[in-house]
Each structure stands twice: as C-alpha cells, then as structure tokens.
Amino acid sequence: MNYQDINSKTIDQWVKDGWVWGIPISHEEYERALCGDWKVVLTPNKAVPAEWFGDLRGKKVLGLASGGGQQMPLFTAAGAQCTVLDYSEKQLAQEKMVAEREGYDITIIRADMTKPLPFEDESFDLIFHPVSNCYVEEVKPIFRECYRVLKDGGILLAGLDNGINYIFDDDEKELLNSLPFNPLKNEEHMKQLQADNSGVQFSHTMDEQLGGQLESGFILTHIMEDINDEGNLKEHNIPCFVATRAVKRKDLQPCKLI
C-alpha cells in the first residue's frame, strides 16, 4: 500500500470518529449561506477574508482535497458551480449527503492529488485548497496542476503548514525532531506517526510552498498567518500555518526563489 492509500484509509477512520474537518455543515448553516451569511477557513482559525473570493455567482470552483461537506455547500449557496476532489471516500460521502439534503448538484471525484488532475486546461475560476499538503511528499507538482486547470485570472486559495508542528513532542514543549520531517526517509518519524495513528505526513519549507506557487506562474496577492486551534504553541501565539491567495497571470513569466 502506498502512502496516499494509507492516508485515505486513516482519514476515513478519523471521519468515522468525528474528526472536526469531516463534520458537514448543518441545514441551518446552509440556509444562512443562501442569505449571504457564511465564512470558511483555509487554516484552523482565521476566516478567509471575503474579498479574497470576489463574487462567486456563476464561477466554477474546485475544492481540492476539500471534502467533508464544509466549504462546497457554502460556495454553492453563494452561486458557484462546484467540483470537489478528495481521496477519502468518507469525506466525499459527506459532500454527497449535504448535496442530497439541500437539493443541489455537485461534481464529486475521488482522485489522488499527487497525480495529474483529471480536468482539462483552464477549467476553473477558483481553487480552494485547505491544509492538506502535509499529507503529500512533493508539493510543487500540485501547484503546477492548479495553474494548469485554472483559467487566466483564476484564483488559488491555499492553506499551508509551515512545519513547526513536526519539531515538537506531543505536549508541544520539547524539541524532538529536526526538519525536514519525512517518514519515507526517516524511520523514527514513521514510528511517531504510527504511534499516534496520524497517517503519513511531511513538513515543507516556504521555498517549496510559496516558491512552488511562484515557479508555477502564480502571482501572490495576499498572505495570512494562523495558529493551532489548541495546545502549547497556540498559548504562545506561534504561527504554524499560512493562508495564501494567488492569481494565474499568463502574461507574466514564472518566478523562482533563490
């Protein structure tokens, strides 16, 4: 079994156990969204500013690794035509349940985002990509695929883990690991993940994540740091996540961080 299949099965179990990112929105939340009252997060706490989205009416939106019935229903209520891609069957089942409950159409695709995305070039106006790159060893190919399937002027909204969570012990008080954290190359890292039933996770540098977007051709327009939703690092207000807004501009040359 490859590591992505391990992650899929792990997340399926988390959803069964009540994982916070697998709990779909309620009917009442959907009703409020129909009246324009909604917000979503790319990272654990801070809501994405409304101006990062613009007007979603009639826009084609891809939720990339964004299953769970939390964001796509809200975007649909805002007038978007939504597609969700995830590798967890349980996360996609939550999407289907909400869509059937509220009576709207959504395209649901189970696929591995480490592979080429199953879409034509320039298929979407916006991609919503919450924190999930931590389950992938190589992130730059994902950003290249996002650039490919976005229309010119399209928007990529991404949640990124900055790696700090991987250097501490479970109590977030003692330095335990050096970076990079890669269980495919470090047996001790894999043992730690297995002990916590945490799937297979990886740290990534900002060179990979911000630089990967720039190298793909994106223009970064906004950036916002965020903290954990609990624990010692939160108590010390230490940023562990970054949310970014980037735009595809075909008339500009890709950049590379040195």
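Helices (H or I, at least four residues) and strands (E, at least two) are DSSP runs, numbered from the N terminus. This is a predicted model, in which local features need pLDDT of at least 70, side-chain atom pairs count only at pLDDT 80 or more, and totals for chains, interfaces and linings use all residues. Residues are numbered from 1 along each chain as its sequence is written, and side-chain values use heavy atoms, with hydrogens and water left out.

**The loop between E5 and H6**

- Asn182 sits in the loop between strand E5 (150-161) and helix H6 (187-195).
- With a relative accessible area of 11%, Asn182 is buried; the term means under 20% relative accessible area, while exposed means over 50% and partly exposed lies in between (1.4 Å probe, protein chains only).
- The Asn182 side chain reaches the backbone nitrogen of Leu184 at 2.9 Å.
- Asn182 is also in contact (heavy atoms within 4.5 Å) with Glu137, His189 and Phe202, leaving aside its neighbours within four places in sequence.
- Pro180 is found in the loop between E5 and H6, and a cis peptide bond with omega of about 5 degrees joins Leu179 and Pro180.
- Glu172 lies in the loop between E5 and H6 and has a positive phi of about 60 degrees although it is not a glycine.
- Glu172 is buried, at a relative accessible area of 15%.

**A positive phi in another loop**

- Ala65, in the loop between strand E1 (60-64) and helix H3 (72-77), has a positive phi of about 55 degrees although it is not a glycine.
- Ala65 has a relative accessible area of 22% and is partly exposed.

**Pockets**

- On a 1 Å grid over the protein atoms alone, a pocket is an open set of points where a 1.4 Å probe fits, with protein on both sides within 12 Å along at least five of seven lines; lining residues have an atom within 4 Å of a point.
- The largest pocket holds about 1400 Å³ of space, a volume being the space filled by probe spheres set on the grid points.
- It is lined by 50 residues, and the closest to its centre are Trp14, Trp19, Cys134, Tyr135 and Gln201.
- Helix H1 (3-16), strand E2 (81-86) and H6 are the elements that give two or more residues to this lining, and the largest share, five residues, comes from H1.
- The lining of the largest pocket has 23 nonpolar, 18 polar and nine charged residues; Ala, Val, Leu, Ile, Met, Phe, Trp, Tyr, Cys and Pro count as nonpolar, Asp, Glu, Lys and Arg as charged, and the others, Gly among them, as polar.
- The second largest pocket holds about 400 Å³ of space.
- Of its 17 lining residues, Ile25, Glu29, Lys39, Val40 and Leu74 are the closest to its centre.
- The lining of the second largest pocket divides into 10 nonpolar, three polar and four charged residues.

**Aromatic rings**

- The whole structure has 12 aromatic pairs; rings of Phe, Tyr and Trp (its six-membered ring) pair if their centres lie within 6.5 Å, and planes under 30 degrees apart count as stacked, over 60 as edge-to-face and the rest as tilted.
- Trp38 and Phe53 form an edge-to-face pair, because their ring centres are 5.3 Å apart and their planes are at 70 degrees.
- Trp38 is partly exposed at 24% relative accessibility, whereas Phe53 is buried at 5%.
- Phe53 and Phe128 are stacked, because their ring centres are 6.1 Å apart and their planes are at 15 degrees.
- This pair links distant parts of the chain, 75 residues apart: Phe53 in the loop between helix H2 and E1, and Phe128 in strand E4 (residues 124-129).
- Ring pairs link Trp38, Phe53, Phe75 and Phe128 into a cluster.

Key: A polar contact is a pair of N or O atoms within 3.5 Å; within protein, one must be able to donate a hydrogen and the other to accept it, and residues adjacent in sequence count only if both atoms are side-chain atoms.
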